[in-house]
Amino acid sequence: HIHQLSASYEAAQDRILLRINTHEGQVLQLWLTRRLLRQLFPKLLAYERSITLRDLAASNPEKTQGHSQEAQEELLAIKRAAVLQGSDFATPFIQQAQAPELPALLVTQVTFASTQPEQIGLHFEEILPSAQQTRGLQVNFNASVYVGLLSLLQQTVQLAEWDDIPLAANTPNAPNAPAADGASDMHLW
């Protein structure tokens, strides 16, 4: 159960550290490289689009069927803005004192693994040639937290100045989000 997310750009290593606080007190850490996000980000956005359109079609088929691509994109933007409006990007990431940090996972592969209705599952794996065994982590997001994660990653990628990663052009900035003026952490609560 995700309580809080944080993404920070680590300039010395030129990668992003994604931290996840759970309600159970665990802190999970994932290193995301520029190369991985360049390949992954379009898939994350496409998955968000398909899930959102599926949910809209299930609840209001008249809003999605027979509408143009532009109209569907407007519906997605409205839904995304509503989710971000209800998100808290101002609360600092709180390190759980009682939970030892698990070693960060250097993500080399991500698989979409939706196992539960209304959940978006991402399986992060660290597959290194020098390692004796593969490490992995399955994280399930509800649609709101998934949209917040995408917004958080978009802002951090912009902060990192990774201009070769295709970010959605029509995604509004999150309310109460810190400006990309050198601040290293942004949070979703």
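1. By the cavity rule used here, two cavities of 30 Å³ or more are counted. The model is predicted, and the values below are computed from it. The largest cavity has a volume of about 50 Å³.

2. Which residues line the largest cavity? The lining is made up of L18, L32, L37, L40, L44, L122, F124, L149 and L153. By class, that gives nine nonpolar residues, with no polar and no charged ones.

3. The lining draws on several elements. At least two residues each come from α1 (34-59), β6 (120-126) and α4 (143-160). The most are given by α1, which supplies three residues.

4. Is α4 largely enclosed or largely open to the outside? Buried here means under 20% relative accessible area. In α4, 15 of the 18 residues are buried, so the helix is largely enclosed by the rest of the structure.

5. Now the ends of α4. At its start, a side-chain oxygen of N142 reaches to within 3.1 Å of the backbone nitrogen of S144. Just after the helix, E161 takes a positive phi of about 60°.

How values were computed
Residues numbered from 1 in each chain as written. Predicted model: local features only at pLDDT ≥ 70, side-chain atom pairs only at ≥ 80, totals over all residues. Heavy atoms only, no water. 1 Å grid on protein atoms, 1.4 Å probe; cavity = no way out; pocket = protein on both sides within 12 Å on 5 of 7 lines; lining within 4 Å. Points joined across faces, edges and corners; volume = space filled by probe spheres on them. Helix = DSSP H or I, 4+ residues; strand = E, 2+ residues; numbered from the N terminus. Nonpolar A, V, L, I, M, F, W, Y, C, P; charged D, E, K, R; others polar. Buried < 20%, exposed > 50% of the residue type's maximum accessible area, 1.4 Å probe, protein only. Polar contact = N/O pair within 3.5 Å; in protein donor to acceptor, adjacent residues only side chain to side chain.
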